[in-house]
Amino acid sequence: MSSDKSSIIEKAQKLAAKGQIDKAIEEWQKLIAETPNDGNIYNTIGDLHLKANHTKEAIAAYLKAADAFRGAGFELKSIAVFKKIVKVDPTRMDVYEKLADVHAERGLVANAAEDYLKVAKHYAKEGDMQSS
């Protein structure tokens, strides 16, 4: 598998360099079957989708990456990915909540409070006091 994985990654990188983003994504997706909880693979797929202006698909891949990183105990990586998502789509209150949760788990109270407050202000502005 190791040499096979390496050859798939190499092929995917070459395709991406040639601008064949969709084909590169297909190559990366082959690796998901072998390592379905690898946040790095999902993160790379997200980056490629973003490069191809597939925002919805990029965010979906980033969410999987963040969840995989968080599940594996890599909270800092999950924070970075969550921040990437809200940079792409600042309206994703669900992601701000997840970001706040991870900040709270890590004891970063000020960051967590800032994110929770952002969510609360959004819902208050929308008149939706029941959400979250």
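## Exercises around helix α5

The buried residues of α5 pack against α3 (39–51), α4 (55–71) and α6. This is a predicted model, in which local features need pLDDT of at least 70, side-chain atom pairs count only at pLDDT 80 or more, and totals for chains, interfaces and linings use all residues. Residues are numbered from 1 along each chain as its sequence is written, and side-chain values use heavy atoms, with hydrogens and water left out.

**Exercise 1.** Find which residues of α5 are buried and which side they take.

*Solution.* Start with the terms: helices (H or I, at least four residues) are DSSP runs numbered from the N terminus. Buried means under 20% relative accessible area and exposed over 50%, with partly exposed in between (1.4 Å probe, protein chains only). Next, list the buried residues of α5: Ser78, Ile79, Val81, Phe82, Ile85 and Val86. They cover an arc of only 165° around the axis (taken from the directions from the helix axis to the C-beta atoms), so they lie on the same side of α5. Finally, turn to the other side of α5, where Leu76 and Lys87 are exposed.

**Exercise 2.** Locate His103 and list what it touches.

*Solution.* First, look in helix α6 (residues 93–105), where His103 is found. Then check its burial: the relative accessible area of His103 is 3%, so this residue is buried. Last, collect the contacts (heavy atoms within 4.5 Å): leaving out residues up to four places away in sequence, His103 touches Ile79, Lys83, Leu108, Asn111, Ala112 and Asp115.

Key: Helix = DSSP H or I, 4+ residues; strand = E, 2+ residues; numbered from the N terminus.
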